[in-house]
Amino acid sequence: MDYAQALWLYTLLVFGIIVVPGMDMFYILANALTGGRRMGFAALGGVMLGGAVHTLFGTVAVGVLTQLPTMLFQAMVLAGAAYMAWIGYTLLRSSITVSGIGRATTRTEWSAFRQGTVTCLLNPKAYLFVLAVFPQFVRTEFGPVWSQALALGVITVLMQGVVYGALALAAGRGRDALVDNPSATIWVGRSAGALFIVVALFTAWHGLTMSSTS
């Protein structure tokens with residue numbers, strides 16, 4: 001497999017992992033539906049920044065992380081699960097404050113961006129993807145590591161922008177149809193919060209059972 005083939009394969013893998021519903025997708029959809037397109041794209045910007053950091057993390061630390069004790073990586077997964085549960089709880093509460101205009105006035109675009117970055121950085125799915133995939137694509141025979149990291153980072157961030165951006169745009173437009181139906185908007189917010197909590201529970205279960213399966 002040459003470098004061009006490796007990049008195409010990595011692109012397909014990134015697309016496959018991004019389109020699978022997860023905490024990043026839920027977070028962007030929740031912000032776009034309850035706060036409009038601007039709030040959705042603010043959340044998207046934070047997630048894309050987190051994706052860039054994941055690329056750097058994977059390139060620099062993948063060799064080290066594979067040697068870490070199971071308990072340390074288990075703690076990382078559980079921390080991500082706890083944060084997901086907290087996001088779900090805040091979404092459940094904030095949805096109650098949505099008024100007839102369908103916008104939660106207690107949140108700002110900066111808070112959506114900041115929380116989107118943290119959400120992405122604590123996403124266990126991203127760490128598992130990095131650990132499983134990066135060793136196959138960061139190779140000395142492909143040239144300088146920094147250039148490989150740059151290429152993988154650009155692919156990752158662009159794919160997040162295309163997939164999540166389309167979802168944020170569609171959800172933002174869908175929100176316009178909900179402004180005259182506050183009860184539906186509240187249901188959307190609470191459903192997103194519940195999804196976060198469900199994913200958090202499954203993630204925590206995975207983290208707690210890692211020691212017995214490794």
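Trainee: Is Leu158 buried or exposed?

Mentor: Happy to start there; this is a predicted model, where local features need pLDDT of at least 70, side-chain atom pairs count only at pLDDT 80 or more, and totals for chains, interfaces and linings use all residues. Residues are numbered from 1 along each chain as its sequence is written, and side-chain values use heavy atoms, leaving out hydrogens and water. Buried means under 20% relative accessible area, exposed over 50%, and partly exposed in between (1.4 Å probe, protein chains only). Leu158 has 54% relative accessibility, so this residue counts as exposed.

Trainee: Which helix holds Leu158?

Mentor: Helices here are DSSP runs (H or I, at least four residues), numbered from the N terminus. By that numbering, Leu158 is found in helix 7.

Trainee: How are helix 2 and helix 5 oriented to each other, roughly parallel or roughly antiparallel?

Mentor: Axes are lines fitted to C-alpha atoms over the stretch in contact, and angles run from 0 to 180 degrees between N-to-C directions. The two helices pack at about 165°, with axes 9 Å apart. Angles under 35 degrees count as roughly parallel, over 145 as roughly antiparallel, 65 to 115 as roughly perpendicular and the rest as oblique. Helix 2 and helix 5 are therefore roughly antiparallel.

Trainee: Which residues of helix 5 make the contact with helix 2?

Mentor: Contact means heavy atoms within 4.5 Å. Helix 2 contributes Met23, Asp24, Tyr27 and Asn31. From helix 5 come Ser111, Ala112, Gln115, Gly116, Thr119 and Cys120.
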